[in-house]
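Thanks for making time this morning. I would like to walk you through one model, taking the helix packing and then the ligand site.

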Amino acid sequence: MSELDALKVALKTLQDKALDEFSNAESLQALQVLRVSYLGKKGELTSVLKGVGKLPPKERPVIGQFVNASKQTLSESLEKREACLALKEKQVRIEAERIDVTLSGRTSSKGSLHPVQQGLNEMTAIFSQLGFDIAEGPEIEDEFHNFDALNIPQEHPARAMHDTFFFHPDGDEKANLLRTHTSPVQIRTMKACVDAGGEPPLAVVATGRVYRCDYDVTHSPMFHQVEVFKVDKNISLAHLKGVLQHFLSAYFEKDVPIRLRPHYFPFTEPSAEVDIACVFCHQKGCRVCKGSGWIEVLGSGMIHPNVLKSVGIDSTVYSGFAFGLGVERLVMLKYGIPDLRLFFENDVRFLRRMGA
Ligand code: DAH
């Protein structure tokens, strides 16, 4: 066989081998390696070409053409395979990055107000709409505002019922205490009005923390109260009942029958405890209302003349009504919460369920 033919055969074998390997290459990377090994400067095609020098000059162009054609074939084959592999790799990537738009989303949790704060807000909003002003007072009170001015003098048995937390007095100083109810805000707002040269009408709603040394399923040493009062000329028990009826129906978002049951509070005369028709059994009788059909929700009455006197309001000219309620208790009744302590344990499962 002539040198030329031998070279041709070698080139053809090389080309077939390359084409075979190109079509079997499984990745773009592998293909790139093959391109270098066949067509690169130090590639196999180049090394075959080294034999060209041994050919007589007139045969060299022949083999040159042959080599160029072979290069062309290999390049085309490479490009084709490259396009095919690129497409394949793209499909694999798309498949891997596929997004299932039917999957349910991850919910982002949003904070919410504590259920007691929600209750306070709802309750004050109702009185604001009726034109009541919002007031507040200190949690550390003195005996005058918490007791004396509210017609609960020293030695009065009602004091003992308040389970008061006292601060130790320094020497002769009068003892301070954690307020046991929000009623002292009545004294503070009425007195501030009178001291400023003002006079009734006064219509006020006050909310805040109160403290009593008591702890069980329905009692917590700290809880919240809402205090409401109105003082003007000719205020009667009918005004009290009207406001109570409106407030309780608005808060429970339905018409709730109420009744006023005679009671005793030192700071009101007459006094009444207020019951609502049981929101759980609709007066058929259940465990919560102990079969009576009624649930006690708050204390109320006509402000005692002695209380008006203690702040300098003339009780022969003015009269007023007042009532006070436990916020947690009302929230429990509205949402059927069985244990007061849930409000203070801050278990997020409870708080989330109560989230607005
Ligand atoms: N201060 C009373 C308490 O905490 C509740 C109360 C009863 C408030 C009658 C009032 C009222 O304003 O008139 O036990």
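Predicted model: local features only at pLDDT ≥ 70, side-chain atom pairs only at ≥ 80, totals over all residues.

Residues are numbered from 1 along each chain as its sequence is written, and side-chain values use heavy atoms, with hydrogens and water left out.

Let me begin with helix H1 (residues 3-24) and helix H4 (residues 60-96), whose axes come within 10 Å and cross at roughly 5°; axes here are lines fitted to C-alpha atoms over the stretch in contact, with angles running from 0 to 180 degrees between N-to-C directions. H1 and H4 are therefore roughly parallel to each other, a label for angles under 35 degrees. Their contact, meaning heavy atoms within 4.5 Å, includes Leu4, Leu7 and Leu11 of H1 and Val62, Ile63 and Phe66 of H4. By class, this contact of H1 with H4 has 12 nonpolar, five polar and two charged residues.

The other pair is helix H5 (residues 115-129) and helix H9 (residues 237-252), with axes that come within 10 Å and cross at roughly 135°. Here Glu122, Met123, Ile126 and Phe127 in H5 meet Val243, His246, Phe247, Ala250 and Tyr251 in H9.

Turning to the ligand, 15 residues lie around it, and His181, Ser183, Arg212, Gln225 and Glu227 come nearest, where being near requires a heavy atom within 4 Å. A nitrogen atom of the ligand is 2.9 Å from an N or O atom in the side chain of histidine 181, and an oxygen atom of the ligand is 3.1 Å from a polar backbone atom of alanine 322.

Definitions and conventions: Helix = DSSP H or I, 4+ residues; strand = E, 2+ residues; numbered from the N terminus. Parallel < 35°, antiparallel > 145°, perpendicular 65-115°, else oblique. Nonpolar A, V, L, I, M, F, W, Y, C, P; charged D, E, K, R; others polar. Polar contact = N/O pair within 3.5 Å; in protein donor to acceptor, adjacent residues only side chain to side chain.
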